[in-house]
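Morning, everyone. Please bring up the model on your screens, and I will walk through it.

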Amino acid sequence: MPAGEDAAPSATLFDGTDDDKAADRGTHEDPGFGDGSAAPGADGLGPRGWDVKGNTRSMLFHTPKSPSYGRTKPEVWFRDAAAAEAAGFTDARNRRDGKGQ
């Protein structure tokens with residue numbers, strides 16, 4: 001890579017560097033949802049290890065196993081489903097199947 005150029009963003013959230021990690025979001029600002037959540041990056045990806053997408057408009061979260069995971073725009077990232085649930089989000093698969101009502 002030529003000197004002075006920044007590295008390209010990670011292709012996926014799983015191959016990022018330590019610089020991609022975000023601090024836990026302890027407030028509901030911009031749009032933080034408490035400990036264990038992070039705002040998405042400018043590229044729409046989460047920091048490495050943050051693999052649960054939260055959609056703040058519907059308060060749903062998607063895991064990589066969710067059918068809509070690849071096409072859902074994240075508005076906040078969580079480290080795991082438990083962190084998303086603690087912030088008040090519902091698993092999108094359960095909501096779709098009527099289990100989260």
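Start at Phe33. Phe33 is buried, at a relative accessible area of 15%. Buried here means under 20% relative accessible area, exposed means over 50%, and partly exposed is in between, with a 1.4 Å probe and protein chains only.

A word on the source. This is a predicted model, where local features need pLDDT of at least 70, side-chain atom pairs count only at pLDDT 80 or more, and totals for chains, interfaces and linings use all residues. Residues are numbered from 1 along each chain as its sequence is written, and side-chain values use heavy atoms, with hydrogens and water left out.

Back to the rings. A pair of aromatic rings is described by the distance of the centres and the angle of the planes. The rule takes rings of Phe, Tyr and Trp (its six-membered ring) with centres within 6.5 Å; planes under 30 degrees apart are stacked, over 60 edge-to-face, and the rest tilted. That gives 2 aromatic pairs. Phe33 and Phe89 are edge-to-face, with 5.0 Å between centres and 85° between planes. Phe33 sits in the segment before β1, and Phe89 in the loop between α1 (81-86) and β5, so this pair ties together parts 56 residues apart in sequence. For those labels, helices (H or I, at least four residues) and strands (E, at least two) are DSSP runs, numbered from the N terminus.

Phe89 is buried too, at 3% relative accessibility. The other partner is Phe78: its ring centre is 5.0 Å from that of Phe89 and the planes stand at 65°, so this pair is edge-to-face. Phe78 belongs to strand β4 (residues 76-78), 11 residues from Phe89 in the loop between α1 and β5. Phe78 is buried, with a relative accessible area of 0%. Put together, Phe33, Phe78 and Phe89 make one aromatic cluster.

Now the sheet. What is the strand order? It is β1-β4-β2-β3-β5, 5 strands in an open sheet with mixed pairing. Two strands pair if DSSP finds at least two bridges between them. At the edges are β1 (37-38) and β5 (90-91), each pairing on one side only. Strands β2 (residues 52-55) and β3 (residues 60-62) run antiparallel, joined by 3 bridges. Asn55 has Leu60 in β3 as its bridge partner.

Look at the loop between β2 and β3. Met59 is there. Its phi is near 55°, a positive value in a residue other than glycine. Met59 is partly exposed, at 25% relative accessible area.

Next, charges. Side chains of opposite charge can pair when their charged atoms come close. We count 2 salt bridges, each a side-chain nitrogen of Lys or Arg within 4 Å of a carboxyl oxygen of Asp or Glu. Arg57 pairs with Glu75, with 2.5 Å between the closest N and O atoms. Arg57 is in the loop between β2 and β3, and Glu75 in the loop between β3 and β4, so the bridge ties together parts 18 residues apart in sequence. Is each end buried or exposed? Arg57 is exposed, at 72%. Glu75 is buried, at 10%.

Asp91 and Arg93 form a salt bridge as well, at 3.6 Å from N to O. Asp91 is buried, at 9%. Arg93 is partly exposed, at 28%.

Last item: Lys53 lies over the face of Tyr69, 4.5 Å from the ring centre. The rule is NZ of Lys or CZ of Arg within 6 Å of the ring centre and within 35 degrees of the ring normal.
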